[in-house]
Amino acid sequence: MTPDVSAPDMVIDARDVTLALGEGAARVEILKGVNLAVPAGERLAILGPSGSGKSSLMAVLSGLESATSGSIHIAGLNIVGLSEDGLAEARRGRIGIVLQAFHLIPTMTALENVAVPLELAGHADPFGEALRELQAVGLGERVSHYPTQLSGGEQQRIAVARTLLRDPAVLVLDEATSALDNDTERELQAALDALARGRTTITIAHRLSTIESADEILVLAGGRVAERGEHLALLARGGAYARSHSNRLMRLRVGLQAAEALGEPPHIVLKTLICLVDAKPVCIVWPSDQEASMKKVAAAFGGKSARMM
């Protein structure tokens, strides 16, 4: 039985965490005895292949889903076994979540999207607080705009402002993937980097720079922790992480060569390669005029292109 006590110097302390779906013969274990601990102010990067359990681990650590067994202490509170209301309260007080989907209300302005949650929480000056935070993330002149009138990066900054105002003990971030164009991805990532600075952070990592600069890297495979450690130590070990790192660099090298040969922009070639190599069923095209180029690249590599959206 997992003891209901956390290490006093750990902001995040998860022990023997399992997540199972179904019953009896249909039971499937998604997470299988995961352990991790993150001290205050440190950055944990989680990576692994598709189906390894990254999204499920993020969901249980952030209280979006309840683990089947084990314990997850966030700033001293064990969130496993809490009711839906208890999980919601824990998220409000302890956990900040920024996903690739921004979850903005389309009929509300930027200001309202940040202020209304504060108003519902009983803040004395929700609109004043929201305005100051939007100004801090560079959106002071866009407060009256609706989400559909804003770029992807601006929408992400609204989500960041909304999270910053709650000053959470733990941040759970899902990095933007290269399914975005270069300018938008840089804009989104800058917002996430600013949010994470100096905070205890768990990141589902896609960028090499995030992975390499993390205080600890957790490599998942089949719902278990396959490897953990710092970047250089994991490279020296020559295991799954070292192979993944080598594959990422090889993909970059091949992508740049293909871009030159096909006459297509490098970022389009690289994002198409990621869809093909990772076997993504859907590849989001943003902006939409990239679809023809991505299909051309996919055909050149002899692969069946993912469905474009």
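Mentor: Leu36 is buried, because its relative accessible area is 4% and the cut-off for burial is under 20%. The model is a predicted one, and that should be kept in mind for everything that follows. Leu36 belongs to strand β2, which runs over residues 28-39. Once the neighbours within four places in sequence are set aside, the contacts of Leu36 are with Ile12, Asp13, Ala14, Leu44, Leu57, Leu61, Leu218 and Arg228. As for Val17, which is 19 residues away from Leu36 along the chain, its C-alpha atom is separated from that of Leu36 by 9.3 Å.

From that one side chain we can turn to the chain as a whole. The chain has 309 residues, of which buried residues make up 47%, and it holds eleven helices and twelve strands. Among contacts with a separation of 6 or more, 63% are accounted for by residues 24 or more positions apart.

In helix α3, the buried residues are Ala110, Leu111, Asn113, Val114, Ala115, Val116 and Leu118, and here the cover includes two helices, α4 and α5, the latter spanning 152-164.

For α3 (residues 110-120) and α4 (residues 126-136), the axes come within 8 Å and cross at roughly 135 degrees, which makes α3 oblique to α4. The crossing in which α3 passes α4 is right-handed. On the α3 side the contact is made by Ala110, Leu111, Glu112, Val114, Ala115, Leu118 and Glu119, and on the α4 side by Pro126, Phe127, Glu129, Ala130, Leu131 and Leu134. Sorted by class, the residues of this contact of α3 with α4 are ten nonpolar, no polar and three charged. Just after α3, Gly122 has a positive phi of about 90 degrees.

With α5 the arrangement is as follows. The axes of α3 and α5 are 9 Å apart and the two helices pack at an angle of about 25 degrees, and they are therefore roughly parallel to each other. The crossing of α3 and α5 is right-handed. In this contact Ala110, Asn113, Val114 and Pro117 of α3 meet Ile158, Ala161 and Arg162 of α5. The classes represented in the contact of α3 with α5 are five nonpolar, one polar and one charged residues. Ala110 and Val114 are named in the contact with α4 and also in the contact with α5, and both are listed among the buried residues of α3.

A last word concerns the confidence of the prediction. The average pLDDT over the chain is 80, and 78% of the residues score at least 70. Over residues 304-309, however, pLDDT stays under 50, and for that stretch the model has 21 contacts beyond four places in sequence.

Notes. Residues numbered from 1 in each chain as written. Heavy atoms only, no water. pLDDT = per-residue confidence, 0-100. Contact = heavy atoms within 4.5 Å. Axes fitted to C-alpha atoms, helices over the stretch in contact; angles between N-to-C directions. Helix = DSSP H or I, 4+ residues; strand = E, 2+ residues; numbered from the N terminus. Parallel < 35°, antiparallel > 145°, perpendicular 65-115°, else oblique. Left-handed = near helix turned anticlockwise from the far one by under 90°. Nonpolar A, V, L, I, M, F, W, Y, C, P; charged D, E, K, R; others polar. Buried < 20%, exposed > 50% of the residue type's maximum accessible area, 1.4 Å probe, protein only.
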